[in-house]
Every structure is written in structure tokens, then in C-alpha cells.
Amino acid sequence: MTEKNSIIHATTRELQEKMLEMLLYFDEFCKKNNLMYYLCGGCLIGAVRHKGFIPWDDDIDLFMPRPDYEKLAKIWNQEADTSKYIYCRTTRNKVYHDGGASVRDIRTTEINRHSINEDICHGIALEIMPIDGCPKSKIKRASQLYNAFMFSLFNVQRLPDNKGGLIRAFSNIIYKIVRSPESRYKIWKKCQRKMTKFNWDDCDEVTELIGSIKGMLLRHPKKDFDNVVYLDFEGHKVPVMAGYERYLTEIWGDYMQLPPVEKRVAKHDAVYLSTTEPYKQFKGKYYCVKEK
């Protein structure tokens, strides 16, 4: 499929309203189950700069400390309303082409171009990424970064966007060498164990191991993430990390400055988007379509 046959049955605002509904459910779930999370990415900037969504933003990104992130995976199916929202994460048999986890609304459809060949949940998603403990030792930190990079390469299993031609070329070569899904699974599982072995409570610094290379290379004071503060977001109070100002400045610089007009666009590339139609009815039509 190409750009010309994207089918969008929702305005950006309608998509945002659906995601806000999902966020409020997730917030209630986390409070009930004593889980810590915080807005991140564009939503964090939106909360600070706009007291809600950035007008052109088309997703919600969340951080969770690694212990809470793993607890969420264990309890979602027992505690959540899975008739509406399901927990999604790459496993041995299902590949989401995303290093983090997500909670998706099964009553909706958002088929991303990079996943049109996958028989997975294609509902609108809240994207969830872990924050991990970061070792002080330079050698251990180098090992952590190596394993994080290898995890991303073999867990995500798609050529990285906006990371430069050299990294894309290297990734493409590796994928051609390691073709077996089972081999890729074993590699990323082993790397995941190694990169996450630094206990959250024992570390003075934390780091992002999933996402951009810039984010992976940065270390943050754990005190910035040990507690939350609440900011206004679309008329509701939502949690952000206590050190959000330092974090935003380190990642984006002058985050209060609006980007140039030409960059005020949604970043996702959806083949089909609907806030009212369940994705399952489009199997064989817009995803899992065999090439002729």
C-alpha cells in the first residue's frame, strides 16, 4: 500500500478524544493497582505548553518505572476490562514492531503501515515505555547500551525511522543475516534480561532503553522519576515525572517554543484509521493481505 490509499475516518480531534478516554481508564486502573506512570513525549510537552494535546499530536506516550511496567503485564488480563482494552507486547509469536508495550482499544482501528502484514491487535493504542535503572560503572553501562541496541534491533524488527542512513543500512544487513523469527526472539529475550538487570531501587540514575538513540544515551537522576506531580490535561489532572522541566530541557531544549509550521504534522502513518470500527473486520482487506 502507498500513501495515496490511506483511509482516515476520524479527525485529529476525534482521535485525541478517543485516546483521552483510554488514558482516563488507564489512570484509574493504575491508581487502583498502585502503579506509577507519567506522560512523556509530545503529550508531556502538550500538558506543559497547551494544558492538553498538542493540536496536531496523534498519539499518547507513557513512561513507567520498570517494576511497574512488568507488574502491568502480569495483572492486566486479570484486573482490566479486556472486553474493551487489551495489553499488547511483542512475544515469540506476535510482533508489534515496537519495543515497548501498549494498551489498545479493540473497538477501534489504527493499522500502521509497518504492521500491515501482522495478525495482531490493530486498535488505537496508548504507547507505554519502561524507564530502567542505570549502572554507575562505565563498563556495565556500555554493556547495557549494547544489549539495549540489540534488543531494539531484534524485538522491533523493522528498519528504524529518522535514525540516519547508516543505521538503516546496518539494520538491513543484520536482518538479512538473521532471518529466523525464533533466532531473533532468542536474541532479544537474552538482551532484555541483561539490559534490565540493574535494580530500580539500587540505582541513583535511570535511563530510557527503548526509543530514540539520544534517549538511550542519556542518564537521569532517579529522584526526578521517584515521584509524580499533576498537571492539567484536557480538563483533567494527569501525572508527570517530578523532574519534568529538567527532562524536557535535556531532550528538547526550549520546549515551549512552537516548531516551524511545516513540522506541525501527525507522525504516524496509518493505512486505515477509525475510532468507531473494530479492526478485526478488516483482516484480509487492510492487514494480513497477501501480495499478488
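I started with Trp 76, which is buried at a relative accessible area of 0%. I kept in mind that this is a predicted model.

Next I looked for its ring partner: Tyr 25 and Trp 76 make an edge-to-face pair, with 6.1 Å between centres and 75 degrees between planes. Tyr 25 sits in helix H1 and Trp 76 in helix H3 (residues 66-79), so this pair ties together parts 51 residues apart in sequence. I also found both in a cluster linked by ring pairs, along with Phe 26, Phe 29, Tyr 37 and Tyr 85.

Then I turned to Phe 53 and Phe 233, another edge-to-face pair, at 5.0 Å centre to centre and 65 degrees between the planes. Phe 53 is in the loop between helix H2 (41-49) and strand E3 (60-65), while Phe 233 is in strand E10 (residues 228-233), so the parts they tie together are 180 residues apart in sequence. Phe 53 counts as buried at 6% relative accessibility, and Phe 233 does at 0%. My search of the whole structure gave 16 aromatic pairs.

On to the cores. The largest nonpolar core has 70 residues, and Phe 26 and Leu 39 touch the most other members. Helix H1 (residues 12-32) gives the largest share, eight residues. A second, separate core of 12 residues includes Cys 88 and Tyr 272.

Conventions
Residues are numbered from 1 along each chain as its sequence is written. This is a predicted model: local features need pLDDT of at least 70, side-chain atom pairs count only at pLDDT 80 or more; totals for chains, interfaces and linings use all residues. Side-chain values use heavy atoms; hydrogens and water are left out. A nonpolar core is a set of buried Ala, Val, Leu, Ile, Met, Phe, Trp, Tyr and Cys residues joined through side-chain atoms within 4.5 Å. Buried means under 20% relative accessible area, exposed over 50%, partly exposed in between (1.4 Å probe, protein chains only). Helices (H or I, at least four residues) and strands (E, at least two) are DSSP runs, numbered from the N terminus. Rings of Phe, Tyr and Trp (its six-membered ring) pair if their centres lie within 6.5 Å; planes under 30 degrees apart count as stacked, over 60 as edge-to-face and the rest as tilted.
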